[in-house]
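Here is a short tour of the sheets in this model. Have the viewer open and follow along strand by strand.

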Amino acid sequence: MPSPGADASGTGEAPTVSVAAGDIDGDGHADLVTGHVPASATTTGEYSDAAGSVHVRYGSADGLGAHRTATLDAPGGSRSGDNFGASVAVGDVTGDGYADVAVGAPGATVRGVSGTGATVLLRGTAAGLTDTGAQVFHQDTDGVPDTAEADDWFGSAVDITDLDGDGAADLTVAAKGEDVLTGSVRDGADWVLYGSATGLTTTGATSFGAQDFGLTHPNAEFGSVLGG
């Protein structure tokens, strides 16, 4: 199953860098979401200069992608260096029966700060995944703890799980480049944004790192892996 953008020989292929599954259109069949960053992109530091994209293969009784697929860029258009799709997670954030998709863009520039990173929530509907009503979060979003800094890579990992049992799944976002200890640059930290009937909310948003658990090893990239 070639990645989006590839011809029959694989030329121009954008390799899969992340994957998650869930029922986005509520038809009872799981759908496969993959994130893609072109291999031809120039590598600049941790991430390449690629924009990135996500691809959906919708499930059916005949298998994945047998009848429908879709490719989505970042809302508002692709931006070089975003690495949109470097991480993906699927879960029903609104509790409406349609799984939503969180997409990390850890290379995103926010308000002129390069590599601070961002995370986008795309909505699931009966018609499939849409960027209509998409939500974008970063460390300069009102209510999100901390401040956007260069090379934090907010969105380096994402996970969607109902942490408080209210029927609306919650989003955990990692920023593995977050610096916490003096003299270190990759301590890492995690943020939790809570789900609601209207989408993710920054009300009650929290953040934590290794130091909150009494761990003091520098440059440990806390939160660089999320989920089971």
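This is a predicted model: local features need pLDDT of at least 70, side-chain atom pairs count only at pLDDT 80 or more; totals for chains, interfaces and linings use all residues.

Residues are numbered from 1 along each chain as its sequence is written, and side-chain values use heavy atoms, with hydrogens and water left out.

**Terms**
- Strands are DSSP runs of E with at least two residues, numbered from the N terminus.
- Two strands count as paired if DSSP finds at least two bridges between them.
- Angles run from 0 to 180 degrees between N-to-C directions, with axes fitted as lines to C-alpha atoms.

**Sheet 1-2-5-6**
- Four strands make up this open sheet, in the order 1-2-5-6 and with antiparallel pairing.
- Strand 1 (16-22) and strand 6 (69-72) are the edge strands, each pairing on one side only.
- From one strand to the next, the twist averages 20°.
- Six bridges join strand 1 to strand 2 (residues 31-36) in the antiparallel sense.
- T16 has H36 in strand 2 as its bridge partner.

**Sheet 11-12-13-14**
- This open sheet also holds four strands, ordered 11-12-13-14, and the pairing is antiparallel.
- Strand 11 (154-161) and strand 14 (201-208) lie at the edges with a single partner strand each, so one side of each has no neighbour in the sheet.
- Neighbouring strands here are turned by 20° against each other on average, direction ignored.
- Strand 11 pairs with strand 12 (residues 170-175) over six bridges, in the antiparallel sense.
- Opposite V158 you will find V173 of strand 12.
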